[in-house]
Amino acid sequence: MMAITITLQPPSERLFQQSIEGYREANAAIDAAIEAENWAAINDAQGHRDRHAYAIAMIVTRDVSPLDDRETRT
């Protein structure tokens, strides 16, 4: 397992936590929908998962500082 540590401000941290939980719930819903062969539910759950993934990416992109030039050089 890989771990990443990032520091977020409280409003972003709350949204990040909600999005992580929503992403996990959507994955569980996808598994249940696949088991039931419910194609509409699979589609809906995938949409929910995508929205949570976009929110996570937006928060990380917006709130995490890029590395400075010294750290990106090889």
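**View 1. Glu37 is exposed, with a relative accessible area of 58%.** Here buried means under 20% relative accessible area, exposed means over 50%, and partly exposed covers what lies in between, with a 1.4 Å probe and protein chains only. Residues are numbered from 1 along each chain as its sequence is written, and the model is a predicted one, in which local features need pLDDT of at least 70, side-chain atom pairs count only at pLDDT 80 or more, and totals for chains, interfaces and linings use all residues. Side-chain values rest on heavy atoms, with hydrogens and water left out. Glu37 sits in the loop between H1 and H2, and its phi is near 55°, a positive value in a residue other than glycine. As background, most residues other than glycine have a negative phi.

**View 2. The protein chain holds three helices and zero strands.** Read along the sequence, the pattern is α-α-α, where helices (H or I, at least four residues) and strands (E, at least two) are DSSP runs numbered from the N terminus. Of the 74 residues in the protein chain, 19% count as buried.

**View 3. H1 and helix H2 (residues 39-63) have axes that come within 8 Å and cross at roughly 155°.** This crossing makes H1 roughly antiparallel to H2. The axes are lines fitted to C-alpha atoms, for helices over the stretch in contact, and the angles run from 0 to 180 degrees between N-to-C directions; angles under 35 degrees count as roughly parallel, over 145 as roughly antiparallel, 65 to 115 as roughly perpendicular, and the rest as oblique. H1 passes H2 in a left-handed crossing, a term for the case in which the near helix is turned anticlockwise from the far one by less than a right angle, clockwise being right-handed.

**View 4. Gly47 and Arg49 both have their place in helix H2.** Gly47 is buried, with a relative accessible area of 18%, and its C-alpha atom is separated by 8.7 Å from that of Ala26, 21 residues apart from Gly47 along the chain. Arg49 counts as partly exposed at 23% relative accessibility, and Arg49 and Ala29, which are 20 residues apart in sequence, are 9.5 Å apart in space, C-alpha to C-alpha.

**View 5. Asp63 and Arg62 meet through their side chains in a salt bridge (2.8 Å, N to O).** The rule asks for a side-chain nitrogen of Lys or Arg within 4 Å of a carboxyl oxygen of Asp or Glu, and by this rule the count comes to one salt bridge. Asp63 is partly exposed, with a relative accessible area of 25%. The C-alpha atoms of Asp63 and Thr7 are separated by 8.4 Å, although these residues are 56 residues apart along the chain. Thr7 itself lies in the segment before H1 and is exposed, with a relative accessible area of 68%.

**View 6. Met2, Ile4, Ile6 and Val60 form a nonpolar patch on the surface, with about 400 Å² of accessible area together.** Patches are made of residues with over 30% relative accessible area and no salt bridge, like charges being joined within 9 Å and nonpolar side chains (Val, Leu, Ile, Met, Phe, Trp, Tyr) within 5 Å. The accessible areas come from the Shrake-Rupley method with a 1.4 Å probe, and for residues only the protein chains shown count as cover. Ile4, one of the patch residues, is found in the segment before helix H1 (10-36) and is exposed, with a relative accessible area of 65%.
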